[in-house]
Amino acid sequence: MSNELSDAARRAQHYLENVGKRRVAPDSISIRALDELSGPLPETGEEAELVIADLDRLGSPATVASAGGRYFGFVVGSGLPVALAANWLAGSWNQNVAMEVMSPVGSRLERVALGWIRDVLALPSESQGAFVTGDTLANFTALAAARHEVLRKVGHDVESQGMSRAPSVTVLVGNEVHVSVLRAISLLGLGRDRVVRLPVDEQGRMQVDQLPSVSGPTIVCTQVGNVNTGTSDPVREISRRVHPSGAWVHVDGAFGLWARVSPGRRAQIDGVEEADSWALDCHKWLNVPYDSGAVFVRNSDALRAAMAAGPAAYLPSGGEGDRMEFTPEMSRRARGVDVWAALRYLGRSGLADLVERCCGHARLFADRLTAAGFHVLNDVELNQVLVSFGSDAVTRAVISAIQQEGTCWCGGTVWHGTTAMRISVSSWATTETDVERSVEAMIRVAKELVPD
Ligand SMILES: *Cc1c(COP(=O)(O)O)cnc(C)c1O
């Protein structure tokens, strides 16, 4: 074996064995040392082992330790070891899964993994899916299919004729819509500022009784798993209200959709299967390595029509295994390999257990912080906790001090006008001890800053 491969494997193992022992955010010395990675491109090449050694020496200390168990920023998973190992093997295969003929194994594993996801999330069996880089592109892909279908119904072929002469499309979103959905809407020429924003309740859920009556080409963007509160829109009620007039219902379920794998939580995220398209991440709650997202569309003809590239003489005409027919991309890495490995390793019960464990940790954070006299702003239904330490200025100071202190890492947000710290428990690696250590650090840091 080339020495650089075994060397990198040894270094990776060492990194992962120690990632739980170090501070979570890198220190300023490690960040300053990154300057050594810059400089001009060398005239002559260097030894592979030296390249890897420098990468590890300078790069590893400047990482954010999100592969460990005490990173609670944004919504970030850690790579499950089995998924990382599969990713290494897939990397060595270096398969391009644009077409089945380019990678029978990559193509097969994508289809199997997509089928398993559709099954565990109880999405309609007729829906077709694809792997993309993440939920942003999944939203884009699903909404392109939506745009195709709502315009096709009024006789406009948007893929060939474009948007300039297209009938107007109404896009309804909740006031808590994720920015990635708005980005998809703008990329699709639907106009980010033309969306109709609907009011939400105090937990961020769209209010069904505020839905206007819809007619003509209409797309309704719902959300399952709000990044601040973890709550979900009532997708069943929304679908039943707008489907009779032919509207398309999309679900942005980046992490929240995964809660459906837990039998105890199904009811909380009920009715999602009545929508028309779903976007989700695998690099968040499924804990596969970055980057990995998936999209499913009930009407697979709409998806294929929206993604159609037109003929090219050197490309065989597409079959089921040619996933480039289902995504905006052509060449892609074999994301299905990591996902297949993670799902097979966890099984249904392991997946449910992962979700429940994260939700239980979130509950523990909320209970401990409440007991310490701090204010939890949301109903902790899922894996997200919002906490205020006092005034907005005090909360901001506490967040910054917690990040500096290094035991754990949390970011901030503004929830209904109040500054809050966000705790997102999304990693397989988080243990109860990690939660206790983190809470202890949070309370200690906050008490130093908050006068009694
Ligand atoms: C994370 C997230 C996104 C964006 O996903 P990426 O994987 O970063 O592209 C969109 N919507 C919601 C609700 C999210 O949590």
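1. The side chains of Arg205 and Glu381 form a salt bridge, with 3.1 Å from N to O. This pair connects distant parts of the chain, 176 residues apart. Arg205 sits in the loop between strand S3 (196-198) and S4. Glu381 sits in the loop between strand S8 (375-376) and strand S9 (384-388). Keep in mind throughout that this is a predicted model.

2. How accessible are these two partners? Arg205 has 22% relative accessibility, so it counts as partly exposed. Glu381 is partly exposed too, at 26%. The cut-off for buried is under 20%.

3. A second salt bridge joins the side chains of Glu110 and Arg332, again with an N to O distance of 3.1 Å. Glu110 belongs to helix H5 (residues 104-120), and Arg332 to the loop between helix H10 (300-307) and helix H11 (335-371), so the bridge ties together parts 222 residues apart in sequence.

4. Arg363 and Asp367 both lie in helix H11. They are 4 residues apart, about one turn of the helix. Their side chains meet in a salt bridge of 3.0 Å, N to O. Arg363 is partly exposed at 38% relative accessibility. Asp367 is partly exposed at 39%. Elsewhere, salt bridges with shared partners join Asp7, Arg10, Arg11 and Asp56 into one network.

5. How many salt bridges are there? The count comes to 28. The pairs described above are among them: Arg205 with Glu381, Glu110 with Arg332, and Arg363 with Asp367.

6. Next, the helix pair. Two packed helices are described by the angle between their axes and the distance between the axes. For H5 and H11, the axes come within 8 Å and cross at roughly 35°. The crossing is left-handed. On the H5 side, the contact residues include Leu109, Glu110, Val112, Ala113 and Trp116. On the H11 side, they include Arg335, Gly336, Val337, Trp340 and Leu343. The residues of this contact divide into 11 nonpolar, 1 polar and 5 charged.

7. Is Asp338 buried or exposed? It is buried, because its relative accessibility is 0% and the limit is under 20%. Its side chain makes a polar contact of 3.2 Å with the side chain of Arg333. Not counting residues up to four places away in sequence, Asp338 touches Ala83, Ala86, Asn87, Val288, Pro289 and Arg333. Pro263 is 75 residues from Asp338 along the chain, and their C-alpha atoms are separated by 24 Å.

8. Last, Asn228. Where is Asn228 placed? Asn228 lies in the loop between strand S4 (218-223) and helix H9 (235-242). Leaving aside neighbours within four places in sequence, Asn228 is in contact with Glu176, Asn378, Gln384, Leu386, Thr413, Trp415 and Arg422.

Technical notes: Residues are numbered from 1 along each chain as its sequence is written. This is a predicted model: local features need pLDDT of at least 70, side-chain atom pairs count only at pLDDT 80 or more; totals for chains, interfaces and linings use all residues. Side-chain values use heavy atoms; hydrogens and water are left out. Helices (H or I, at least four residues) and strands (E, at least two) are DSSP runs, numbered from the N terminus. Contact means heavy atoms within 4.5 Å. A salt bridge is a side-chain nitrogen of Lys or Arg within 4 Å of a carboxyl oxygen of Asp or Glu. Buried means under 20% relative accessible area, exposed over 50%, partly exposed in between (1.4 Å probe, protein chains only). Axes are lines fitted to C-alpha atoms, for helices over the stretch in contact, and angles run from 0 to 180 degrees between N-to-C directions. A crossing is left-handed if the near helix is turned anticlockwise from the far one by less than a right angle, and right-handed if clockwise. Ala, Val, Leu, Ile, Met, Phe, Trp, Tyr, Cys and Pro count as nonpolar, Asp, Glu, Lys and Arg as charged, and the others, Gly among them, as polar. A polar contact is a pair of N or O atoms within 3.5 Å; within protein, one must be able to donate a hydrogen and the other to accept it, and residues adjacent in sequence count only if both atoms are side-chain atoms.
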